[in-house]
Amino acid sequence: MLEVLIAAPLKILRKYYNPGTELYHLLVEHGKAVARKALEVADKVSYLHPDPKFLVEAAMLHDNAMPRSANYEDLNN
């Protein structure tokens, strides 16, 4: 399920970060870890009807601007 839900966020990340770089790999792996945790929590509160697609998209993109505001240029080349 996760792999299907991350397709759109990955497209956005590829627009701004080179997929062959360490920075891209760090952003994707961290985003996946956060997404897995978010889905785990969502399962525990299913009575609230959380939106898994939104949770995964938010998890994958939550740090997207961080490297652009810090000194990470070397990791994206």
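User: What pattern does the protein chain follow along the sequence?

Analyst: Along the sequence, the protein chain reads α-α-α-α-α. The chain has five helices and zero strands. Helices (H or I, at least four residues) and strands (E, at least two) are DSSP runs, numbered from the N terminus. This is a predicted model, in which local features need pLDDT of at least 70 and side-chain atom pairs count only at pLDDT 80 or more, while totals for chains, interfaces and linings use all residues. Residues are numbered from 1 along each chain as its sequence is written, and side-chain values use heavy atoms, with hydrogens and water left out.

User: Why is Thr21 called buried?

Analyst: Buried means under 20% relative accessible area, exposed over 50%, partly exposed in between (1.4 Å probe, protein chains only). Thr21 has a relative accessible area of 6%, so Thr21 is buried. Thr21 sits in the loop between H2 and H3.

User: What does the side chain of Thr21 reach?

Analyst: The side chain of Thr21 reaches the backbone nitrogen of Tyr24 at 3.2 Å. A polar contact is a pair of N or O atoms within 3.5 Å; within protein, one must be able to donate a hydrogen and the other to accept it, and residues adjacent in sequence count only if both atoms are side-chain atoms.

User: Why does Lys32 count as buried?

Analyst: The relative accessibility of Lys32 is 15%, and therefore Lys32 counts as buried. Lys32 lies in helix H3. Leaving aside neighbours within four places in sequence, Lys32 is in contact (heavy atoms within 4.5 Å) with Leu2, Glu3, Ile6 and Met60.

User: Which residues of helix H4 are buried, and how do you know that they line one face?

Analyst: In H4 (residues 52–61), the buried residues are Val56, Ala59 and Met60. Seen down the axis of H4, they fall within an arc of 95 degrees, so they line one face of the helix. The arc is that of the directions from the helix axis to the C-beta atoms. Their cover includes helix H1 (2–5), helix H2 (7–16) and helix H3 (22–44).

User: What caps the N-terminal end of H4?

Analyst: Asp51 does, with a side-chain oxygen 3.1 Å from the backbone nitrogen of Lys53.
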